[in-house]
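Subject: Structure handover

Hello,

Here is the structure I promised to pass on. Please open it alongside this email.

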Amino acid sequence: MSYYGARNRLTKLMLDKVENDNFLSQIDHTQVSLYVKFFKLKQQNFIKWYIIPDLDQLSSIKHLFVHLDKDTETKNFLDNCYAKSEHFFTQLMHSFVLSFLQYFMAITSINGLLQRGSMFVFSQEQFKTLIDFQSESKLDNLLDLGAGDGQVTSKMAPFFQNVYTTEMSTTMRWRLQQKDFRVVDVNEWDKIRISAEEESFLKFDAISCLNLLDRCDKPLSLLKQMKDALKPNGLLIVALVLPFKPYVEYNPDNRPSEDLLNTWLRDTCIKKEPSSTMNKVNKQISHLIENVFEPIGFELAKFTRLPYLCEGNLAQSYFYLIDYVFVFKNKP
């Protein structure tokens, strides 16, 4: 690439960043935007992070919805994203390294190596609200499946005596160990012995499966494993980006072996189609709860909608998707 070509590309990246960040600044982070109120603009022109459109369509579970909002921890994460994206030469170096290493390594592993692309799902206080934690003493055991670099795990860890994690990426496992989280094998997490003398396996008070079911090869099998590994009335915390679009990074065709959207557990429930009047996301929520989670033995306790945030790069200060977080109880 010529000098002028490189310069023009960098100029375009900088202009794109201004435009992209300007779009991000218009996102309505609250229930009713003050900006919308003041200028009397149509609210549907603004993206809302914490509101489920047409919540009334989910009449049977509407009362379990928990409305959250952008709190101090969320704001601090976003402020840090803006600050890191302004480190021009660091971002430029990351861009060059990423473009080279992606031929030899998965993107997740590269991010772990460069310590870039950290995620944010919920704050510590938001997690406390979702699990309805009111005790003065900690719960015993948490398992965080697909824990990444441990940034999200750290929001859950204060409520548990012991924290176990799994992760496919070698570099991400290093990051988890640096944070003093116990890393267990992805194929052995449900076979942790209580002690060398005992034959029984450890049971968990809570298992978190955050943005993993759409990224793993056999999500249905995983759900059944998690049920068996949980204590009776233990908590399953699931985060899903909806609409549901599975993508398996380590499969050659990037497709999962099991498709949750086409699963009806006929041996345990009658096939139940969501109402045709529902929007696409609400149809998926209804299907997953009624035809997948409930037949396996999970009872919905709470759910919410949150932004799934990720640190940005040269072109944009941060990225986001819309996450739906569900807290289920393991029915005995």
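Below is what was found in it, from the overall fold down to single residues.

**Overall**

Please keep in mind that this is a predicted model. The protein has 332 residues, and 48% of them are buried. Its secondary structure consists of ten helices and eight strands. Take the contacts with a separation of 6 or more: 69% of them join residues 24 or more positions apart. The exposed surface comes to about 17,800 Å². Carbon and sulfur atoms supply 53% of that surface.

**The second largest pocket**

This pocket holds about 180 Å³ of space. Its lining includes I131, D132, F133, Q134 and S135. L139, D205 and K329 also line it, as do P232, N233, G234 and L235. Strand β6, residues 230-241, gives the largest share of the lining, with four residues. By type, the lining splits into five nonpolar, four polar and three charged residues.

**Salt bridges**

The structure holds eight salt bridges.

Start with K84 and E311. Their closest N and O atoms are 3.1 Å apart. K84 sits in helix α3 and E311 in strand β7, so this pair ties together parts that lie 227 residues apart in sequence. The two ends differ in cover. K84 is partly exposed, at 28% relative accessibility. E311 is buried, at 9% relative accessible area.

Next, D205 and K231. Their side chains meet in a salt bridge at 3.1 Å, N to O. D205 is in strand β5 and K231 in strand β6, and the pair links distant parts of the chain, 26 residues apart. D205 counts as buried, at 13% relative accessibility. K231 counts as partly exposed, at 24%. This bridge belongs to a network of salt bridges that links D140, D205 and K231.

Last, K191 and D190. Here the closest N and O atoms are 3.3 Å apart. K191 is partly exposed, with a relative accessible area of 40%.

**Helix α9**

Which residues of helix α9 (residues 219-229) are buried? They are P219, L220, L222, L223, M226, K227 and A229. Note that a lysine, K227, is on that list. What covers these buried residues includes strands β2, β5, β6, β7 and β8, along with α10.

**Backbone points to check**

The peptide bond from L242 to P243 is cis, with omega near 5°. P243 lies in the loop between β6 and α10.

Two aspartates have positive phi values. D54 has phi near 55°, although it is not a glycine. D54 is in the loop between α2 (34-39) and α3 (72-85). With a relative accessible area of 44%, D54 is partly exposed.

D180 has a positive phi of about 65°, and again the residue is not a glycine. D180 is in the loop between α8 (170-178) and β4 (182-183). Is D180 buried or exposed? D180 is exposed, with a relative accessible area of 70%.

Best wishes

Key: Residues are numbered from 1 along each chain as its sequence is written. This is a predicted model: local features need pLDDT of at least 70, side-chain atom pairs count only at pLDDT 80 or more; totals for chains, interfaces and linings use all residues. Side-chain values use heavy atoms; hydrogens and water are left out. Buried means under 20% relative accessible area, exposed over 50%, partly exposed in between (1.4 Å probe, protein chains only). Contact means heavy atoms within 4.5 Å. Accessible areas come from the Shrake-Rupley method with a 1.4 Å probe; for residues, only the protein chains shown count as cover. On a 1 Å grid over the protein atoms alone, a cavity is a set of points where a 1.4 Å probe fits but cannot get out, and a pocket is an open set with protein on both sides within 12 Å along at least five of seven lines; lining residues have an atom within 4 Å of a point. Grid points are joined across faces, edges and corners, and a volume is the space filled by probe spheres set on the points. Ala, Val, Leu, Ile, Met, Phe, Trp, Tyr, Cys and Pro count as nonpolar, Asp, Glu, Lys and Arg as charged, and the others, Gly among them, as polar. A salt bridge is a side-chain nitrogen of Lys or Arg within 4 Å of a carboxyl oxygen of Asp or Glu.
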